[in-house]
Amino acid sequence: MKIKTSGGEERIKFDMTPMIDVCFQLIIFFMVSMKLFTPEGDFNIKMPLAAPSPSDQIDDTSPPIPIRLRANDQGRLSKYQIGERPAKMFPPALTEEKCRALFIRDLRAQIRSVVGGAGGPGSVAANTEVELDCDTNLHFQYVIDAITAVSGYLDDRGRIVQLIEKIKFAPPPK
Amino acid sequence: MMKFNQNATAKKVEFDMTPMIDCTFQLVIFFLLTLNFSTAEQSELVHLPKSELAKPPEKAVEIPIVLQMTSSGTVLFNGDFMPPEELQTPLRRERDAIETKRNQTVTDATVIIRADKDTPTGQVQEVIQICQKVGFEKFKLRAESALREKKEPS
């Protein structure tokens, strides 16, 4: 077969309008459907089953450190206590941000005084377990704050220093 | 009054469209790349608690089961809202699906709880208990990354 080639040069003009229309439609679609994404992270919690198997029990583990979180009627943190140490109160006059910042700083300082330095394999922090005993109406934010304070801190370079990894909830009152 | 100088002869002005089309394509590609496909797992009703230690995980969870909880304690699971008491039936279905289709056990699955910052903790614990009754063992509590708070003088 022979392919016909036209000898004369012809300038073909085509209408770009529909293509540009479609492109703008696409842009508008993506702009509308775009959602600003904030990074999220997870905290592991250790929830033992009702009947733990004997193989899970390790003899040399010390009993967990109980952290009691008490809430006021609005669900805000009113006081907390680590083990038998003196309880720390949070008056309702404090703003929520201030209360949270104080709580995290105080709890972290206390935990660091209990476990000493950083965590890691074989350290005191790695073998320590924490049990959170929370009031049922306490806002979930305070639980995350408690886990944040207990599980580690950021050093001066912004790296995470791991403290206690084993965190569990106390069984709720019947 | 000013007079407008009207050009009587109609001139056809042709301008080069190429830069505009280039820009447009660049924009289309930018939005395509930044589009977040995981929106199905994030409800607008849930405002996660913030934590300075929450960092995106380095490796993805093997079998994630995402349970979202609103501030009133309602659970959002697989696109349906339900009170925590009714969670057992769909969770059992999920467990059976894991054990039959994927040939894995229920203990391999991780329950990720995306609870609102104002959800009562008792209800989160209740949901965890229900999951334990069904057989799930691994749990993760999700939080939103917060910027590092200012260091206060100690």
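Trainee: How are residues, chains and ligands labelled here?
Mentor: Residues are numbered from 1 along each chain as its sequence is written, while chains are lettered from A and ligands numbered from 1 in the order in which they are written. In this predicted model local features need pLDDT of at least 70, side-chain atom pairs count only at pLDDT 80 or more, and totals for chains, interfaces and linings use all residues, with side-chain values taken on heavy atoms, leaving out hydrogens and water.

Trainee: What is the mean pLDDT of chain B?
Mentor: pLDDT is the predictor's confidence in each residue, from 0 to 100. In chain B, 83% of residues reach 70 or more. The mean for chain B is 81.

Trainee: Over which residues of chain B does pLDDT stay under 50?
Mentor: Where pLDDT is low, the predicted coordinates should not be read in detail. The stretch in question has six contacts (heavy atoms within 4.5 Å) beyond four places in sequence. It is residues 149-154 of chain B.

Trainee: What pattern does chain B follow along the sequence?
Mentor: Helices (H or I, at least four residues) and strands (E, at least two) are DSSP runs, numbered from the N terminus. Chain B has three helices and six strands. Read in order, the pattern is α-β-β-β-β-α-β-α-β.

Trainee: Which residues does A:Leu107 contact, leaving aside neighbours within four places in sequence?
Mentor: In soluble globular proteins, nonpolar side chains tend to be buried together. A:Leu107 belongs to the largest nonpolar core. Its contacts are A:Ile67, A:Tyr80, A:Ile82, A:Ala146, A:Ala149 and A:Val150.

Trainee: Which residue of chain A forms a salt bridge with B:Arg142?
Mentor: A salt bridge is a side-chain nitrogen of Lys or Arg within 4 Å of a carboxyl oxygen of Asp or Glu. Here the closest N and O atoms are 3.6 Å apart. The pair crosses between chains, from strand S6 (residues 138-145) of chain B to strand S1 (residues 40-46) of chain A.

Trainee: Which residues are linked with A:Glu40 in a network of salt bridges?
Mentor: The count over all chains comes to 14 salt bridges. Some are linked into a network that includes A:Glu40.

Trainee: How many residues apart in sequence are the parts tied together by A:Asp106 and A:Lys88?
Mentor: A:Asp106 forms a salt bridge with A:Lys88, at 3.9 Å between the closest N and O atoms. A:Asp106 is partly exposed, at 21% relative accessible area, and A:Lys88 is partly exposed, at 29%. A:Asp106 lies in helix H2 (residues 96-115) and A:Lys88 in strand S4 (residues 88-89) of chain A, so the parts tied together are 18 residues apart.

Trainee: Is A:Asp155 buried or exposed?
Mentor: A:Asp155 meets A:Arg159 in a salt bridge (3.4 Å, N to O). A:Arg159 is partly exposed, at 48% relative accessible area. A:Asp155 has 17% relative accessibility, so A:Asp155 counts as buried.

Key. Core = buried A, V, L, I, M, F, W, Y, C linked by side-chain atoms within 4.5 Å. Buried < 20%, exposed > 50% of the residue type's maximum accessible area, 1.4 Å probe, protein only.
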